[in-house]
Amino acid sequence: MTPMNLFFYGTLRRGQSNYQRLLDGSEGFEFVGSAVTINKYTMFSSGIPFVHKQPEISVIKGEVFMVWDNKLIKSLDALEGHRDGERHGYHREKTPVRLDGGINMLAWLYFYYGVPHGTIVHSGDWLDRN
């Protein structure tokens, strides 16, 4: 499988619950770096985070991981409810991001296509939501 760069902004970030459940101690992926989206989106928090494309409030802060294990990608897609060609719930889309070192790249981000709800995280950083 061709490696995929995935941008995680919530529970899949290092040290968070789904990172510990799905990634910690696994093989088939590596941390690339901390990053922000180049474009502005809206992050909501309702127990878990989700990102909508509109309105454009802030860049989203997260981490980029290179994943090359197909079973791991399928597990991540299943966690997020992503199905190729369907836009409901979370849908994975290529998005321009900037690594902390200033390098721009494309990474897959799980956008939410459900009804917005919860609290807007104005900083765009789910770890700074309180």
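The model shown in every view is predicted.

**View A. The largest pocket and its lining.** The volume of the largest pocket is about 180 Å³. Its lining is made of 13 residues, of which T11, L12, P49, E80 and Y90 are the closest to the pocket centre. Two or more lining residues come from each of β1 (4-8) and α2 (70-80). Sorted by class, the lining of this pocket holds 9 nonpolar, 3 polar and 1 charged residues.

View B. With neighbours within four places in sequence set aside, V64 contacts N5, L6 and F7, then E30, F31, V32, G33 and A35, and finally V97, L99, M105 and A107.

**View C. A107 in strand β7.** Strand β7 contains A107. A107 is classed as buried because its relative accessibility is 0%, and the cut-off is under 20%. Beyond its neighbours within four places in sequence, A107 has contacts with N5, L6, F7 and V64, and also with E93, K94, T95 and V97. P96 is 11 residues away from A107 in sequence, with a C-alpha to C-alpha separation of 6.4 Å.

**View D. T42 in strand β3.** T42 belongs to strand β3. T42 is buried, at 0% relative accessibility. When residues up to four places away in sequence are not counted, T42 touches F50, V51, H52, Q54, P55, E56, I57, I60 and I120. The C-alpha atom of T42 is 15 Å from that of F8, a residue 34 places away along the chain.

**View E. The cis peptide bond between Q54 and P55.** Most peptide bonds are trans. The bond that joins Q54 and P55 is cis, with omega of about -5°. P55 sits in the loop between β4 (49-52) and β5 (61-67). Both Q54 and P55 are among the residues touched by T42.

**View F. S45 and its polar contact with W126.** S45 is part of strand β3 (residues 42-45). S45 counts as buried because its relative accessible area of 15% falls under 20%. A polar contact of 3.4 Å links the side chains of S45 and W126. Besides W126, S45 touches G118, T119, V121 and R129, with residues up to four places away in sequence not counted.

**View G. D77 in helix α2.** D77 is a residue of helix α2. The relative accessible area of D77 is 9%, so D77 is buried under the 20% cut-off. Apart from neighbours within four places in sequence, the residues in contact with D77 are H82, R92 and Y110. Helix α2 (70-80) also gives two or more residues to the lining of the largest pocket, shown in View A.

Key:
Residues numbered from 1 in each chain as written. Predicted model: local features only at pLDDT ≥ 70, side-chain atom pairs only at ≥ 80, totals over all residues. Heavy atoms only, no water. 1 Å grid on protein atoms, 1.4 Å probe; cavity = no way out; pocket = protein on both sides within 12 Å on 5 of 7 lines; lining within 4 Å. Points joined across faces, edges and corners; volume = space filled by probe spheres on them. Helix = DSSP H or I, 4+ residues; strand = E, 2+ residues; numbered from the N terminus. Nonpolar A, V, L, I, M, F, W, Y, C, P; charged D, E, K, R; others polar. Contact = heavy atoms within 4.5 Å. Buried < 20%, exposed > 50% of the residue type's maximum accessible area, 1.4 Å probe, protein only. Polar contact = N/O pair within 3.5 Å; in protein donor to acceptor, adjacent residues only side chain to side chain.
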